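Please read these notes with the model open beside you. They go through the structure point by point.

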Amino acid sequence: IEYHNCAYATYGQPYAEKRGEDGEWGGDNDNEDGNGNTQILGCGAARGGDDYWYMGRTPCFRPQAAFSLYGIPTDHSGSSSGSKCHKATYINSFFTTMGPEALAAPLGVDTTYGNSYCTVYPPDDDAAMNDDADADHDDKGNFAAYTSSGTGCQQNRFVTDTYGGANCDGNDYVKTTDTLDSFNKALDNLDCVQIYDSSSGYVYENDDGGDGGDGDGGNVDFTALDNTVEILQYSITCNILQYADDCPDRYGVLSKYEKNLKEALAKADMWSKGAGEKAMNALTVVLFCVSLLLGATILRKRRRLTGKSKVPLPPPVAKDDPSVVSSAAAALPSIVSSSAASAAASAAALSSLVSSAAASVATSVRSVLPAGEPKETLPSHEVTFMSDRQLGMTIMGSVFGCYVRTVIEGGQAAQDERVQVGDIITKVGRRTVNKGTSLKGVLGLIKMEKAKNSQFVIGFRKP
């Protein structure tokens with residue numbers, strides 16, 4: 001075994017008890033040995049009767065010795081040389097259950113000042129003593145003037161503390177009177193002590209005639225044990241989760257065990273759920289999968305419809321963008337002004353060359369502009385344009401609305417074959433275009449549709 005530290009842990013465990021004839025412990029006087037002596041070691045004994053049975057079940061906490069246990073098989077190759085206490089030989093970690101003397105005394109350490117006893121000091125003034133001084137020390141109020149002294153733990157080291165009252169209660173701590181340096185040093189030397197060897201032929205027998213106790217409720221002579229392996233009779237394994245700072249886990253083995261146990265219990269709990277909870281979980285999984293499949297189907301169908309609506313067109317021969325249309329729109333006033341100037345010059349008897357040019361321009365304009373106000377009942381059509389390509393036409397504005405000035409060969413407008421020069425634009429996307437809509441407004445609608453959609457519609461009607 002290897003000693004590690006001091007730890008506050010429960011005092012008195014089932015390993016350190018002797019049961020009554022009925023096999024039970026606790027209650028009022030069920031466990032007496034026939035002489036009126038309760039057969040349980042530790043402070044959680046059956047004291048309290050039927051009315052206060054729970055007080056006898058309350059565990060007591062006292063300073064205990066924490067140590068690790070190692071074991072080496074007889075055929076182990078390293079049993080005769082080197083350290084015998086290492087990760088490969090580690091078994092488990094323990095707390096003593098009857099105070100530090102349960103470990104120290106069998107291994108030859110003096111426990112005069114390091115033990116689980118509580119020494120009570122009555123007050124100097126006899127008048128301060130209560131009349132019930134001979135009664136059991138169960139009521140703090142009756143012994144408020146008393147002081148007591150016992151072993152405690154500070155920073156995992158054993159010390160001697162002084163308490164108010166007669167019970168060595170940690171809630172009544174007064175001060176530390178001794179750091180027990182010699183006792184702690186002697187325990188530290190128990191770094192890898194052999195307590196059992198199969199060659200000794202010792203076999204532990206838990207019978208009533210052994211040295212496990214003399215039936216007086218807790219006075220065990222630990223120096224008179226038949227074999228030091230009986231230290232384990234007065235020890236219990238510690239829990240790394242409950243005593244994270246006190247339970248020795250030098251190699252992380254206990255943490256690993258607890259983690260594996262927690263994961264196993266979680267899996268077992270998952271499969272042990274009730275029928276209703278299992279059905280609800282299964283339904284949730286099914287609904288989730290159905291939602292995924294439905295979403296994937298909708299996306300696939302939308303992509304298929306989008307692919308079918310895209311008509312492949314040859315690349316445009318010439319570029320046509322809103323800037324070209326804007327340039328044409330900007331040139332219109334100059335053309336009109338030029339025509340007016342030519343007409344005025346003709347009236348003023350200018351040269352025949354100027355008159356001929358004016359007549360030519362006027363003829364060109366008349367061939368493009370509609371002859372009069374179009375009728376709403378004239379034939380109309382809609383053309384789908386792709387946003388990533390040029391329109392393939394130029395647009396002009398007039399008092400009758402915006403119309404097609406030119407159709408570029410090989411462009412989208414020419415591919416439809418229905419778009420002709422002079423066609424009036426009646427809609428862009430879902431927005432209606434009338435004769436009051438300016439050229440700038442029509443160009444803005446076309447730009448907006450290109451930015452929002454991969455394809456859009458422009459409506460036309462014949463002049």
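Which residue in the turn of the β5 and β6 hairpin has a positive phi?

1. The β5–β6 turn. Q155 is the residue: its phi is about 55°, and the hairpin has two residues between its strands. N156 is found in the loop between β5 (147-154) and β6 (157-164). N156 also has a positive phi, about 65°, although it is not a glycine. Its relative accessibility is 31%, so N156 counts as partly exposed. The cut-offs are under 20% relative accessible area for buried, over 50% for exposed, and partly exposed in between, with a 1.4 Å probe and protein chains only.

2. Basis of the model. This is a predicted model, in which local features need pLDDT of at least 70, side-chain atom pairs count only at pLDDT 80 or more, and totals for chains, interfaces and linings use all residues. Residues are numbered from 1 along each chain as its sequence is written, and side-chain values use heavy atoms, with hydrogens and water left out.

3. The chain overall. There are nine helices and 14 strands. Both are DSSP runs numbered from the N terminus: helices are H or I with at least four residues, strands are E with at least two. Of the 463 residues, 34% count as buried. The accessible surface comes to about 27,700 Å², and 53% of it belongs to carbon and sulfur atoms. Accessible areas come from the Shrake-Rupley method with a 1.4 Å probe; for residues, only the protein chains shown count as cover. Take the contacts between residues at least 6 apart in sequence: 64% join residues at least 24 apart. Contact means heavy atoms within 4.5 Å.

4. Strand β5 and its partners. Six of the eight residues of β5 are buried, so the strand is largely enclosed by the rest of the structure. Strand β4 (residues 118-121) runs antiparallel to β5, and four bridges join them. T119 has S149 in β5 as its bridge partner. β5 and β6 are also antiparallel, joined by eight bridges. Here Q154 is partnered by R157 in β6. Strands count as paired if DSSP finds at least two bridges between them.

5. The four-stranded sheet. The sheet is open, antiparallel, and ordered β1-β2-β3-β8. Its edge strands are β1 (2-11) and β8 (235-237), each of which pairs on one side only. From one strand to the next, the twist averages 35°. Axes for such angles are lines fitted to C-alpha atoms, for helices over the stretch in contact; angles run from 0 to 180 degrees between N-to-C directions. Within the sheet, β2 (residues 60-70) and β3 (residues 90-96) pair over five bridges in the antiparallel sense. A66 stands opposite F95 in β3.

6. Pairing around β12. Strand β12 (residues 424-428) pairs with β14 (residues 455-461) over four antiparallel bridges. K427 faces G459 of β14 in this pairing. Two bridges join β12 to β13 (residues 431-432), again antiparallel. V428 is opposite R431 in β13. The β12–β13 hairpin has two residues between its strands, and G429 takes a positive phi near 65° there.

7. Two residues deserve a look here. E417 lies in the loop between α8 (412-416) and β12. Its phi is near 70°, a positive value in a residue other than glycine. E417 is exposed, with a relative accessible area of 64%. D423 is in the loop between α8 and β12. Is D423 buried or exposed? D423 is buried, at 1% relative accessible area. Leaving aside neighbours within four places in sequence, D423 is in contact with H381, C402, Y403, V404, R418, F460, R461, K462 and P463. D423 and P463 are 40 residues apart in sequence, yet their C-alpha atoms are 5.9 Å apart.

8. A nonpolar surface patch. M280, L283 and L287 form it, with about 300 Å² of accessible area together. M280 is in helix α5 (residues 275-309). Patches are made of residues with over 30% relative accessible area and no salt bridge; like charges are joined within 9 Å, nonpolar side chains (Val, Leu, Ile, Met, Phe, Trp, Tyr) within 5 Å. A salt bridge is a side-chain nitrogen of Lys or Arg within 4 Å of a carboxyl oxygen of Asp or Glu.
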